[in-house]
Structure formats: C-alpha cells, structure tokens
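The following paragraphs lead the reader through a protein structure, from the overall fold of one chain to single residues. Please keep the sequence and the model in view while reading.

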Amino acid sequence: MATALFYILALTALAATGMCITRRNPVHAVLYLVNAFFALALLFYLLGAPLVAAWEVIIYTGAIMVLFLFIIMMLELAPDQPVQGAGWRRWGPVVLLSGVLLSCTLLLLGLDSSGADGLPHFYASPRTFGYALFKEYPLAVEIVSFQLLFAAVGAYYVGRVDSRKQRPETEREDA
Amino acid sequence: MIVPLSHVLGFAAALFLMGLACTLARRNLIMILIGIEIMLNAAGLAFIGAAAFWRQVDGQIFVIFLMAMTSAEVAISLAMVVYLRRQKTSLEADAYDGMKG
C-alpha cells in the first residue's frame, strides 16, 4: 500500500515539475511547483520524516512560494493577455494533480501506522529529531541562525531605495 | 524502507535534471530561481531517502539546514530581482550581459 502510494506520488511530483518548468506564465509555474512540493511532502512522510514533511509545507509552500508570488505580482511579471484554449485545457492538469494529492492524503490517513502494510518501521518522531539536532549539531544551528540574520540584513540592503538617487527624479516629475 | 533506495535516488535524479534543464534553458530570472528550488528539493529528497535507508536521523537534520539555506538564498535573490528590475526594467537574463568582453 505504502509502496504503491510512493510510486503514485513520485509520478505526480514529476508531472507537476514538468508542467512547472514548461509554463510561460510565472504564476502558473509557481502554482504547479506548489503541487510538486505537496507531493514531495507526502513522500517525506512516507519515508519516515513527518517533521520535515510539515516543514516542507510550512516553509517551502507557505513562505518561499508565497514570496515568489508576491514578487511576481509586485513586479507585474505575468503576461496580461488572456490564456488561450478550452477550459479543460487550462484547468484540467492542476485539478487532476490536486485530486491525486488529495486522494493520496486521505489514503495515508487510513494507513495502519504499526502494521506490516502501513508506515515504515523507521520513523523519526519530533522528540528524537529535536534531541539529535540540538545534542549533535548545536554549532550548526547557531551558524544557520546567523546565516538567516545576514540574509535578512542583506535583503534589506539590496532592496532599499536610495534616497539621494530617488529624490531628484521625483522633483523633476513635480516640476 | 518501503521502496529500494535506488528508486528514491533515481526519482531524485530525475527531479534534479528537470530543475537543471529549467535553470539552463529558461531566460526569465524568476524561472531560473524556480529551477534552483527544484534542484535543492531533489537534493533534500536524496537526503531523506538515505536517512530512511540507514535508519539514521542525521539525513533529516541536514534537510533542515538545506531549508534554512534555501530561505536565505531566496530572500537575497528575490531582493536582487527587485533591484535588477529597477535597473534594467526587464527580467530576461540576456539584459544583464554588460560584462561580456
């Protein structure tokens, strides 16, 4: 059962990634990539990593892909001509992929977590995971936190609007 | 292990190649970043598969470090996308060929 689910989810992830990398419209690409990430999160759960699966959904699809969508919308990168073709051609692939993911999730809920047919015997609970992380890699956790701080400072520095350069332009527009 | 490790690694390799093709073939900066995301996720899948194969939690821990690295990379690169868009008013990678000989 879990083995069959693995191959179905792998095919779903491959199809969603294939659709993602061939789209012209970046918004469509990001939405297909979200589908692929959901499939990958279910795969992580099947491989005994429930915490990483949750973080895949929270961090990748909840934070990073939404950031991509915000930037695409802010810069108005999506082409503004309407999409060509019949309705099922536009909506069919994403509805099909989402339906497969939803049914796989419901099947996973029904799996027996201790039986031979169910989840794998290797299963890293959040407690095991946290002990291993903070006992064996405390220095790496510190380095990663510094890296995130530097990334935030760097993003602010790169994205800031230079007041000395901007002011003459606005004055010219006013005059 | 519910499937052989080689199947997980083959699947991760296929995902990685798709991301590589997207990074190399597309000209839009946003699509190049999306290709890099796909490649990093394929690497994470290989880590998780190896962790399940050897029954060690270390592979999963390194996926967490990978995710933190990806968040930092996306924050910086999207800020650079906004900056470059202000400079050239285009996001095609060919617009940034100012350093060619």
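This is a predicted model: local features need pLDDT of at least 70, side-chain atom pairs count only at pLDDT 80 or more; totals for chains, interfaces and linings use all residues.

Helices, of at least four residues, and strands, of at least two, are DSSP runs, numbered from the N terminus. On this basis, chain A has 7 helices and 0 strands. Read from the N terminus, the order of its elements is therefore α-α-α-α-α-α-α.

Some totals describe chain A as a whole. Of its 175 residues, 38% are buried. Among the contacts in chain A with a separation of 6 or more, 70% are made by residues 24 or more positions apart. The accessible surface of the chain is about 10,500 Å², and carbon and sulfur atoms account for 66% of that area.

Which residues of α1(A) are buried? They include L5(A), F6(A), L9(A), A13(A), A16(A), C20(A) and I21(A). An α-helix has 3.6 residues a turn, so residues three or four places apart point the same way. The buried residues of α1(A) pack against elements of both chains. In chain A, the partners are α2 (26-46) and α4 (87-110). In chain B, they are α1 (5-25) and α2 (29-54).

This packing leads to the interface between the two chains. The size of an interface is often given as the accessible area lost when the parts come together. Here, chain B and chain A bury about 5,000 Å² between them, and 80% of this area lies on carbon and sulfur atoms. The contact involves 62 residues from chain A and 54 residues from chain B. How many salt bridges are counted between chain B and chain A? The count is 0.

A single residue shows contacts with both chains. Y137(A) is placed in the loop between α5 (126-136) and α6 of chain A. Is Y137(A) buried or exposed? Its relative accessibility is 18%, and because buried means under 20%, Y137(A) counts as buried. Leaving aside residues up to four places away in sequence, Y137(A) touches A132(A) in its own chain and D58(B), I61(B), F62(B) and F65(B) in chain B.

The next helix, α6 of chain A, covers residues 138-159 and contains F150(A). Its relative accessible area is 54%, and exposed means over 50%, so F150(A) is exposed. Together with F146(A), L149(A) and V153(A), F150(A) makes a nonpolar surface patch of about 420 Å².

Residues up to four places away in sequence aside, V57(A) touches F38(A), A41(A) and G62(A). The C-alpha atoms of V57(A) and A39(A) are separated by 9.8 Å, and the two residues are 18 residues apart along the chain.

One residue of chain B deserves attention for its backbone. Most residues other than glycine have a negative phi. R55(B), however, has a positive phi, near 55°. R55(B) is found in the loop between α2 and α3 (58-88) of chain B. With a relative accessible area of 47%, R55(B) is partly exposed.

Key: Residues are numbered from 1 along each chain as its sequence is written. Chains are lettered from A and ligands numbered from 1 in the order in which they are written. Side-chain values use heavy atoms; hydrogens and water are left out. Buried means under 20% relative accessible area, exposed over 50%, partly exposed in between (1.4 Å probe, protein chains only). Contact means heavy atoms within 4.5 Å. Patches are made of residues with over 30% relative accessible area and no salt bridge: like charges are joined within 9 Å, nonpolar side chains (Val, Leu, Ile, Met, Phe, Trp, Tyr) within 5 Å. Accessible areas come from the Shrake-Rupley method with a 1.4 Å probe; for residues, only the protein chains shown count as cover. A salt bridge is a side-chain nitrogen of Lys or Arg within 4 Å of a carboxyl oxygen of Asp or Glu. Buried area is the accessible area (1.4 Å probe) that two parts lose on being put together, summed over both.
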